[in-house]
Structures are given as structure tokens and as C-alpha cells.
Amino acid sequence: MDMQNRPHKGVYLQQFKEPALSREIRTFLNASASETLIEHPATKELDDLTAWEIVDIARQAGIVDERDGRPLYQKLQRARDKEIRAVVIDAMDDEPFVSSQLGVLLHMRDSVSFGLKAVRKAVEAESSVIAVYKNLTDAETRIPGSIDGVRVARIGGKYPAELHLSRELGLRKAYITVGVCALVFLARAIISGQMQKSCFITVAGNCIANPTNLEVSLGMNLSMVLERCGLADNPTRVVIGGSMTGISIMDTDKTLISPTTRAVLAFREDEKERNYTCIGCGRCTAVCPQDLDPMFIYRAVKNRRLSMLGFLKAEKCVGCGTCSYVCPSKLPLSTVISKYSKPDGEEDEACN
Amino acid sequence: MQLIQRNAPHIRHSDNPKTLQGDMILALLPLYVLGVCFYGFRVLVTMLVSVFSCWLCDMLCSLLRRRFFNFRDLSSLVTGLIIPLMMPASVPYYVVAFSGAFAIAVIKHPFGGTGENLFNPAAGGIAFAVACWPAQVFSYPVTFTTIPLWNVDSVITVPSTAHTLKMGGLPSADLGDMLLGLVAGPVGTVSILVLLACLIYLSVRRTIPLLQPLCFLIAVALMAYAFPRADISRTYSVLYEMMSGSLVFGAVFMLNDPVTSPKRPASRAMYGFAVGVVTMLFRYFGAFDHGFAFALLLMNALSEEFDYVIVRMASGRKGGAA
């Protein structure tokens with residue numbers, strides 16, 4: 001029990017969410033996309049729909065949860081099957097530079113609350129809460145206390161905050177987590193019968209002239225997205241996903257926007273990579289949210305002593321990248337460790 | 001657009017090894033200023049000899065091992081700065097030079113160089129000097145005598161408080177003088193107040209974990225309280241034991257060497273405590289009054305075990321609960 005109440009380990013990261021977060025969400029859609037509608041009469045009244053109809057609309061509209069890339073209808077169906085009655089709306093965005101969920105929550109409040117009502121009805125929810133990450137460094141961001149009567153829980157503390165969501169919210173029962181962007185698409189599907197043809201992304205980084213949250217068509221390539229927001233400088237690194245866990249890509253023309261793309265970041269760093277070795281400072285151990293010893297695991301891998309990995313609990317690694325972030329020698333700790341820890345496909349079951 | 005494939009995370013903390021080692025060097029420099037005030041410019045020459053010896057050995061060993069020599073790696077400079085501070089101001093240059101060379105070429109590089117060394121190089125260098133030249137290392141000039149640059153034979157030397165305690169004698173030094181460093185002893189280790197300021201600076205900068213030296217000092221205090229060596233009251237025994245010898249200096253600059261200390265808070269506390277107990281055992285039963293360096297070397301060999309014990313305990317607790 002004392003493990004539960006202890007403040008969790010991690011790092012405070014400067015958020016760099018502004019100015020993208022304050023700006024209105026802009027749209028950047030393919031003009032050629034023909035409007036295909038789902039086979040369901042559009043309605044503004046949720047009372048007209050049954051729970052199963054809402055699930056069916058989510059299926060027909062092809063809505064994908066931006067958090068885990070799963071079809072929304074599967075998540076809803078599963079919640080119904082298992083009689084999960086609690087819904088957590090995820091607008092965490094705990095990685096720096098990324099604000100595509102938070103931005104949607106703040107700027108598209110009507111759609112979000114309509115979508116939330118639909119999800120609540122679909123799973124016959126008894127409780128629901130919207131989770132937002134807010135740490136000390138983004139004081140200028142104003143977050144409402146509640147949206148349409150649903151509490152907005154501000155999760156404070158260190159990155160990675162998503163890992164401790166259930167504990168911070170004090171949830172004892174099973175719950176499902178739905179991304180806030182999926183709510184917007186669900187609302188659109190119900191109100192006007194639209195399929196999900198786009199997604200919300202943050203375009204930011206020190207090379208972007210106008211950092212902003214964008215709604216872009218799925219399948220658009222990154223070059224077009226970067227061009228839309230303007231490159232102030234020639235980037236050396238383009239990342240899809242968050243600044244802590246995203247993937248660095250080589251070819252912006254051949255990389256396309258997918259429903260789970262939450263951010264496109266372009267950085268330029270002039271600093272060269274230095275060949276430092278581990279000096280054993282122990283900072284990685286001090287910050288690891290899973291209470292591992294990243295430097296021991298790293299060394300075990302480097303020295304090919306893989307039998308040590310079990311003892312060091314390497315499989316508990318969640319790949320948050322915190323150890324690599326703090327490492328003064330800039331060692332690729334989390335990259336090496338997550339390669340040897342099990343890829344966990346069920347981390348998002350969100351049942352505890 | 002020339003893109004480079006990089007590993008996540010794509011943002012990094014700005015600290016690098018140079019920051020940590022630079023902090024160490026910054027904290028060591030006031031001790032040299034103090035040394036120059038007490039003993040004149042010979043202290044600076046000793047420092048240069050030691051630092052040059054360490055740095056040169058580091059470079060030669062890197063060449064010998066066919067490794068890339070990183071000019072940004074300041075760890076050999078830290079070693080070079082620590083060694084003369086543990087010795088008297090009148091120490092011959094060759095002692096310092098050989099100690100530095102031993103520290104790098106025997107203690108550090110054979111185990112794999114920076115970050116891989118099992119033992120603290122500075123402690124190894126000092127242990128080497130103590131074993132080879134005890135006469136030169138254990139005679140200290142009194143403060144405010146300017147030591148000539150070359151001919152040091154004529155310098156009048158006295159034993160330190162640590163030596164008096166070792167011999168079972170009654171220490172006569174004034175406690176206020178010991179706080180300020182106005183007693184005979186190794187150059188950098190006498191001024192307790194300055195050392196405590198260094199400790200505060202380094203722990204505020206998070207270069208060293210405060211827990212570890214604190215546990216070390218607590219262990220020493222407990223041992224001194226329980227088993228006073230001289231015929232003095234227990235309180236005085238604690239004060240004299242803590243302020244004599246290289247104890248506080250070692251607690252600040254050598255005990256917290258990141259490479260050779262454990263990584264977890266609980267294991268650091270245990271390690272600090274264990275080094276404290278062993279240091280006192282060396283003082284009681286050892287042959288030399290530099291007990292700390294030997295105790296540190298002994299515990300260095302076990303430091304990783306302290307972490308493993310904690311890992312094992314954590315997994316045992318979880319297993320029991322499930």
C-alpha cells in the first residue's frame with residue numbers, strides 16, 4: 001500500500017505547448033476527398049439512438065482511437081461485454097510540444113461534450129472524467145474545471161503521467177479510456193453522418209514557423225504538412241509522435257499521416273553527438289517511473305549478459321524514454337532496453 | 001532536407017558529464033586557494049604536477065588501449081586535483097606524480113577507463129603513496145609557513161591530530177582552529193567549514209547525493225561515540241574523530257564518486273554507513289592514519305552488491321504480496 005501512496009518518479013519537463021495550444025485549430029484537408037456518408041440518418045438527438053446504434057455508428061464511420069490505434073467500436077463493445085461502467089476521456093498530452101488532444105478539448109468543446117454523452121450512453125457509464133496533464137511549467141494554459149458537468153481532472157506531477165492515471169484519479173474499478181479526438185469524430189458521425197477522414201495533429205518544433213494544431217486528412221504526407229506550417233529552418237530531425245517516444249523518420253514524402261499520428265515535430269540541433277561513456281551518476285535510476293536500474297540493464301545488454309535481464313526486471317520497462325532524457329552521457333538507454341523488454345500489446349487494456 | 005535517424009527521446013536534458021565534473025572541479029578550487037594562503041605557491045605547483053601526471057597517463061593509456069581519447073572527459077583532472085589535497089604541503093613532487101600515474105594507469109584504465117573503473121582512482125593513488133612513502137606523507141608542516149618550492153627538507157613538520165589519536169595520545173588542537181583549518185594536516189582536508197560549504201554546493205547542484213555522505217558521517221559519529229580512542233569524553237571523541245584526518249574531505253569528494261558508488265537511495269545510505277564503519281575499523285586497527293582511502297577501496301569492490309541487495313529485496317517483497 002505504501003507503494004501506492006508514494007509520489008511517482010519521473011521528470012518535470014518544460015512543456016513547449018504554446019503557442020500551438022492557444023491558437024484555433026486550423027484545417028488542412030484534401031479538396032478531392034469526396035464526402036461519403038454512413039448509412040445512418042443524421043440526428044442531433046441522442047435520445048433517438050440506442051446504445052447499440054451508437055456502437056454501430058462508430059463502426060461504420062471507421063473511428064479510430066488516437067491513443068492506441070484501435071477502432072472505437074471495439075473498445076465500446078468490449079466495455080459493454082465486460083460491463084465496464086467508468087469512462088476516462090484522455091486529453092493527457094504529457095509529452096512536451098504535443099497538444100493535439102488538449103487543443104481539441106479546449107477549442108472544440110461542443111463536439112467533445114456531445115461525443116462524451118454518446119460514449120456514456122453507449123456503455124451506460126455511471127461515472128466519467130476527463131484527464132488533463134498539467135505540470136508546473138505550463139502555468140499560462142487555462143483549463144476549465146468541468147465541461148458540461150463532467151469533471152476535468154488535472155493530473156499534475158512528473159512525466160510520464162499517463163502511467164499513473166488510475167492512481168491519480170483514484171479509480172478502483174475497471175474503466176475504459178477514450179481519446180478526446182475520437183469523441184469529436186463520433187459526434188460528427190452522429191450529427192452529420194461523416195466518416196473519419198482526418199485526424200488532429202500538433203505541428204511544432206524549433207524549425208516550425210507557425211506551431212499549431214491542425215486537422216489534416218489521413219494519408220497526407222509530412223512534406224505537405226510541414227509546408228503548411230512553414231519551415232523557419234532546415235530540420236535535421238523530423239519526428240512523428242511525441243518528443244519523448246516518437247519515431248524519427250528519414251523521408252517526409254513517403255511518411256503519411258495515420259489516425260494515431262498525434263504530432264509532427266521538426267527539430268534542428270547543431271550540437272554534435274559526443275562519445276561519452278556512462279559515468280554511473282545514477283540519475284536514470286532516480287527517475288525511472290518503473291523503479292528499474294536502466295544503467296545496469298543497459299550494461300547487461302552491452303556485455304551480452306542477457307541472463308541478468310530477468311533479475312533486473314527489464315520486462316517492466318514501458319519505454320517512456322525518461323532515462324535517456326536525463327542521461328548526461330546521452331546514452332540510448334531506453335532504445336536499448338525496450339528492445340529487450342517485452343513489447344506489451346495489452347498495456348492499454350486499462351483494467352486494474 | 002537532410003534528415004538523420006535518431007533514437008527517442010528527441011529532447012534531452014542539458015547536463016553532460018562535463019557539467020558534473022566541472023562542478024567537482026569548481027568545488028575543489030577553493031581548497032587550493034586556501035592551501036596557497038596557508039602554505040604558499042608550492043601547493044599550486046604540486047597541483048600542476050599531479051593534474052599533468054594524471055592527464056598525461058590518461059591520454060597514454062587511451063592510446064595504448066587504442067581508444068579514442070575524449071578531451072572533454074575531465075575525470076582524470078578531478079583525480080589529479082584530489083590527490084595533492086590529501087597530502088601535506090611539503091610532499092615531494094615525485095610522490096604526487098607517481099600517485100597520479102598509479103591512480104590512472106593501474107586503478108582506472110585496466111578496468112576499462114572512465115565509467116568502468118571498479119575502484120576510486122584518487123583513493124588508489126593515495127593508498128599507493130601511503131604504502132610507499134609513509135614518512136613523506138605523514139609529516140605535516142604547520143599552517144602559515146611558506147614552503148620553499150624546491151628544498152623541503154628544512155621544513156619543520158608535526159604529526160596531525162589523526163596521528164595523535166592513532167597513537168592513543170590526547171589531541172591538543174583547538175576545535176575552533178580545526179573548523180577553520182588552522183591545524184597541521186593534509187592541504188585540503190583541514191578546513192571543515194569550507195568542506196561543508198562544498199558539500200552544500202555540490203548537493204544543491206545535484207552532483208552528489210547528500211544522503212550518502214550524511215550516512216557516512218553518522219556512522220563515523222556513532223562509532224566514535226561508542227568507542228573513543230583517547231582518554232577524552234565521548235562528545236570530544238566524536239568531534240575529534242570527525243574533524244581529524246581526511247574524513248570530511250573524503251565524504252565530500254571521494255565517497256560520492258559517481259562511478260564507484262551505488263545508484264539507489266537505499267543502497268547509497270547503506271553504502272555510506274558501511275564505509276563509515278569500515279573507516280573507523282581501519283582507524284582502530286589499521287597501520288596508517290589515512291584509514292578512509294583504504295576503507296573506500298574495500299567498499300568500492302562491494303558497491304554494486306549494495307544495489308543488487310535492494311533489487312533483490314524489492315522483488316522479494318512483491319513476490320510475498322502476490
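Q: In which sense do strand E9 (residues 237-240) and strand E11 (residues 263-267) of chain A pair, and over how many bridges?

A: This is a predicted model. In it, E9(A) and E11(A) pair in the antiparallel sense over four bridges.

Q: How does E9(A) pair with strand E10 (residues 247-249) of chain A?

A: E9(A) and E10(A) are also antiparallel, over three bridges. Here A:Val238 stands opposite A:Ile249. The two strands form a hairpin with six residues between them, and in this hairpin A:Gly241 takes a positive phi near 105°.

Q: Are the residues of E2(A) buried or exposed?

A: A residue is called buried if 20 or more other C-beta atoms lie within 10 Å of its own. Six of the six residues of E2(A) are buried, so the strand is largely enclosed by the rest of the structure.

Q: In which sense does E2(A) pair with strand E3 (residues 127-133) and with strand E6 (residues 176-179) of chain A?

A: Both pairings are parallel: E2(A) meets E3(A) over six bridges and E6(A) over four bridges. To locate them, note that A:Ala86 stands opposite A:Ser127 in E3(A), while A:Val87 has A:Ile176 of E6(A) as its bridge partner.

Q: Which residues have the most contacts inside the largest nonpolar core?

A: In soluble globular proteins, nonpolar side chains tend to be buried together. The largest nonpolar core here has 198 residues, and A:Ala58, A:Leu183 and A:Leu186 have the most contacts inside it. Helix H7 (residues 180-192) of chain A gives the largest share of this core, 10 residues.

Q: Which residues does A:Leu183 touch, not counting residues up to four places away in sequence?

A: They are A:Ile89, A:Val112, A:Gly115, A:Leu116, A:Val119 and A:Val178.

Q: What are the corresponding values for chain B, including its helices and strands?

A: Chain B has 15 helices and two strands. With 322 residues, a compact globule would have a radius of gyration near 20 Å, and chain B has 20 Å, which agrees. Its C-alpha trace spans about 70 × 50 × 30 Å along the principal axes, and 51% of its residues are buried.

Q: How does one read a helix such as H2 (residues 42-64) of chain B, and what does it reach from its first C-alpha to its last?

A: The span of a helix is compared with the one expected at 1.5 Å a residue. H2(B), with 23 residues, reaches 33 Å, close to the expected 33 Å. Its buried residues, among them B:Val43, B:Met47 and B:Cys54, pack against helices H1 (17-39), H3 (75-85) and H4 (93-108) of chain B. Just after H2(B), B:Arg66 takes a positive phi of about 55°.

Q: Where is B:Ser160 found, and is it buried or exposed?

A: B:Ser160 is in the loop between strand E2 (157-158) and helix H7 (161-166) of chain B. Because 26 other C-beta atoms lie within 10 Å, B:Ser160 is buried. Leaving aside neighbours within four places in sequence, B:Ser160 is in contact with B:Tyr140, B:Ala184, B:Gly185 and B:Ser244.

Q: How many residues of each chain are in contact with the other chain?

A: 30 residues of chain B are in contact with 42 residues of chain A. On the side of chain B, H1 and helix H15 (303-321) are the elements that give two or more residues. By class, that side has 12 nonpolar, 11 polar and seven charged residues.

Notes:
Residues numbered from 1 in each chain as written. Chains lettered and ligands numbered in written order. Predicted model: local features only at pLDDT ≥ 70, side-chain atom pairs only at ≥ 80, totals over all residues. Expected span 1.5 Å × (residues − 1). Buried ≥ 20, exposed ≤ 12 C-beta atoms within 10 Å, placed from the backbone. Contact = placed C-beta atoms within 7 Å. Core = buried A, V, L, I, M, F, W, Y, C linked by C-beta atoms within 7 Å. Pairing = 2+ DSSP bridges. Nonpolar A, V, L, I, M, F, W, Y, C, P; charged D, E, K, R; others polar. Rg over C-alpha atoms; globule rule 2.2 N^0.38 Å.
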